[in-house]
4 protein chains.
Amino acid sequence: MSPPKRRGRPPNQLAQARILKAAHDILTEDGFGRLTVEAVAARSGVGKPTIYRHWANASELAMAALMSGDPGIFAGGGTSLRSALAGQMRSLIQAFATTRGRQIAMTLAAADPESEFTKAFRNQVILSSREAGRALLLEAAARGEITLQHDLEVLLDMIYGPVFYRLLVGHRSLDTGFADGIVAIALEAVAARADR
Amino acid sequence: MSPPKRRGRPPNQLAQARILKAAHDILTEDGFGRLTVEAVAARSGVGKPTIYRHWANASELAMAALMSGDPGIFAGGGTSLRSALAGQMRSLIQAFATTRGRQIAMTLAAADPESEFTKAFRNQVILSSREAGRALLLEAAARGEITLQHDLEVLLDMIYGPVFYRLLVGHRSLDTGFADGIVAIALEAVAARADR
Amino acid sequence: MSPPKRRGRPPNQLAQARILKAAHDILTEDGFGRLTVEAVAARSGVGKPTIYRHWANASELAMAALMSGDPGIFAGGGTSLRSALAGQMRSLIQAFATTRGRQIAMTLAAADPESEFTKAFRNQVILSSREAGRALLLEAAARGEITLQHDLEVLLDMIYGPVFYRLLVGHRSLDTGFADGIVAIALEAVAARADR
Amino acid sequence: MSPPKRRGRPPNQLAQARILKAAHDILTEDGFGRLTVEAVAARSGVGKPTIYRHWANASELAMAALMSGDPGIFAGGGTSLRSALAGQMRSLIQAFATTRGRQIAMTLAAADPESEFTKAFRNQVILSSREAGRALLLEAAARGEITLQHDLEVLLDMIYGPVFYRLLVGHRSLDTGFADGIVAIALEAVAARADR
DNA sequence: CACTAATCGAGACGGTACGTCTAGTCTTTAA
DNA sequence: TTAAAGACTAGACGTACCGTCTCGATTAGTG
């Protein structure tokens, strides 16, 4: 395909990078509440309309900033389902047991749940781990290691939901023992007899 | 002890009721984003300082409004653990599968997590169901119906966390089947052989 | 006990004295702009309704405070009209060439010009010197020292008006030379030949 | 001179005009006490920050409104000093013997006396007449009509001070006779023998 | 090479809401 | 009985951002 070759001055890629950098810095230094379009414009040296040309509001900008430095799906390397799942859960919890974890929750709560941008954010930041877990379970079932006798969607929510529950509610800490505890209970539900 | 008998004019209980009423109405009609102190003052016919005398900001006011009409702990009537827990989960999900549920999640995410007010809100609105579930499980264990072989805190988070997970992330709906699915999987973890 | 702790109904005078003391202190320490009923109530330990029972607003309170510590009419001792008038003008200017002078001007400008309280304030604080000057001039005319060939009211305004003019406008300073200059010019208008 | 050519969106001249118009209308209709930034914003259809971008507070806004419709210096046409000065004084008194006169006094009293804005207001609204009078006197002295034997600054204050004195204190009315009386007495001080 | 279209920075605009302060009124309790 | 303490309705204060809009400057293509 031929590039469209638009007439005017092309968008400045550097400007977007500076915007995301500034947004990210503000998030880590001052928190979600200080992430205003005004502050990002001032810090990045970019005009406000330039920001609004790419993101509709501060929430989308926050999501973009949180996505920009995101390693993505956490692959849990391991031979058995237990070790793979436990590895993934530990990575996940380690990644979220920081200020960034709570910022993600706040951003998600503040965002318009119907927006396309929000959906992309959910899929990449929140649900990617859940999808990776689904893959692990399906592979284990395929090689006969487990039997999926219950609703898989519910099971996935019971594995990954508690992480965000503790993040949002804050009644108990996110730590390695929590990761292992979830895996242990979850495996009960897939009749992983051989693993007991 | 004699009542404290404070010196000046006592707080007007009616004013507080009107404030909470107005806040509740705005929440249900316009949503969390429209719940501003200004709007509540205008709607309730109360001065802004009167609101600030009782609540530090709009978040606390939202929490107070959400708590004010709250039925509290959801008792799950039933003879067996399964029926009791399933009853409670159905009630819980029914109560949260509305606009109010998402508002609770948004409010919690926006609130200062260290504030005393936030902690009270968490205990009354979020964790009361979890505590009720803990009671159900401990009673069932006491009468020998189940064996608590795993970490009870983790198990409770796996039962109640998924509700808020779906509420916050919105990837799947909150319905009766979800309630039953959670109970079914949770009971696997307490070795409820007799119930199978 | 050093503070005389009265039993029963406290004396009315004490409360008023405390109010005026507090108002005066606020005027000298923080200026006219900070003299609010709220601040006086807080500082004097008196309830706001008690203040409103005696003064209609902060302006009246300011006037009362400014009158309370007022030495009143400035008598200009001296044998001749020139020396008597010059003595009075020097005293007047010395009394007003302070922060208090400007506060009096501000208070007068802010007050309701029709109020009875304002009229009393004008008579006691502003016009008393003018009346003293009138007496000096009439006495000098009676003993043949001068001839009042022009409108006495206008002449009096030309003697005392400039003081408040400089006070309000602030374009030049209030000093001894100013007092003497006014007297010198004023005496031209009364044909004080013998004094030239 | 090259115009500076500033970068951003230029200030909306129309908005400033509307602000001053609204401020002026409020001053004449409701008085100085009702001239709040809030009311001006509501009446002019302009945002509050736009007002604060140009004026620091309601006092400055009042001064700007009073200056905006100001005819400026009152030239007293006439062949002799007496007729010229009497003409100017009559114009001056006519201009100030209205509600606007008292508003000017109140505004000046309420304003920060050190502010640059206040100084400009004083020079344009209060002292311009005094400067015009100084010019008249110096011209008359130059053509030998009078002899300036006393301090000119004091004399000017004795001519223009009484106007503001009566305005502020309100003990007597501002009228034509007052203007003439001031001129008559003032001319005594400049040895205007030929004019007697 | 001039023209032209698009984007950039800057920043003022009309607004909304903030949280604070003060006004003046009203209601209890204490002296 | 009166004054204190203090909560009330009311509303202006000055600030922070919002999201929109107009500018002049900059930067490519296109003609």
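Mentor: Please bear in mind that the model is predicted. DNA strand E is surrounded by 50 residues, and the closest are A:Arg53, B:Lys48, C:Lys48, C:Pro49 and D:Arg53. By class, the residues of this surface comprise 20 charged, 16 polar and 14 nonpolar.

Let us turn to the side of the DNA. Among the atoms of DNA strand E within 4 Å of the protein, 65% are part of sugar or phosphate, while the rest belong to bases. Individual contacts may be named as well. In chain A, the side chain of A:Thr50 places an N or O atom 2.9 Å from a phosphate oxygen of DNA strand E. A:Arg18 has a polar side-chain atom 3.5 Å from a phosphate oxygen of DNA strand E. In chain D, a polar backbone atom of D:Arg9 lies 3.3 Å from a sugar or linking oxygen of DNA strand E.

The largest share, five residues, comes from H3(D).

Finally, a word on how two of the chains are related. Chain A is superposed on chain B by a rotation of 180 degrees with 0.1 Å of shift along its axis, at an RMSD of 0.3 Å. The two copies are therefore related as by a two-fold rotation axis.

Note on methods:
Residues are numbered from 1 along each chain as its sequence is written. Chains are lettered from A and ligands numbered from 1 in the order in which they are written. This is a predicted model: local features need pLDDT of at least 70, side-chain atom pairs count only at pLDDT 80 or more; totals for chains, interfaces and linings use all residues. Side-chain values use heavy atoms; hydrogens and water are left out. Copies are superposed by least squares on the C-alpha atoms of residues with pLDDT of at least 70 in both. A residue is near a molecule or strand if one of its heavy atoms lies within 4 Å of it. A polar contact is a pair of N or O atoms within 3.5 Å; within protein, one must be able to donate a hydrogen and the other to accept it, and residues adjacent in sequence count only if both atoms are side-chain atoms. Helices (H or I, at least four residues) and strands (E, at least two) are DSSP runs, numbered from the N terminus. Ala, Val, Leu, Ile, Met, Phe, Trp, Tyr, Cys and Pro count as nonpolar, Asp, Glu, Lys and Arg as charged, and the others, Gly among them, as polar.
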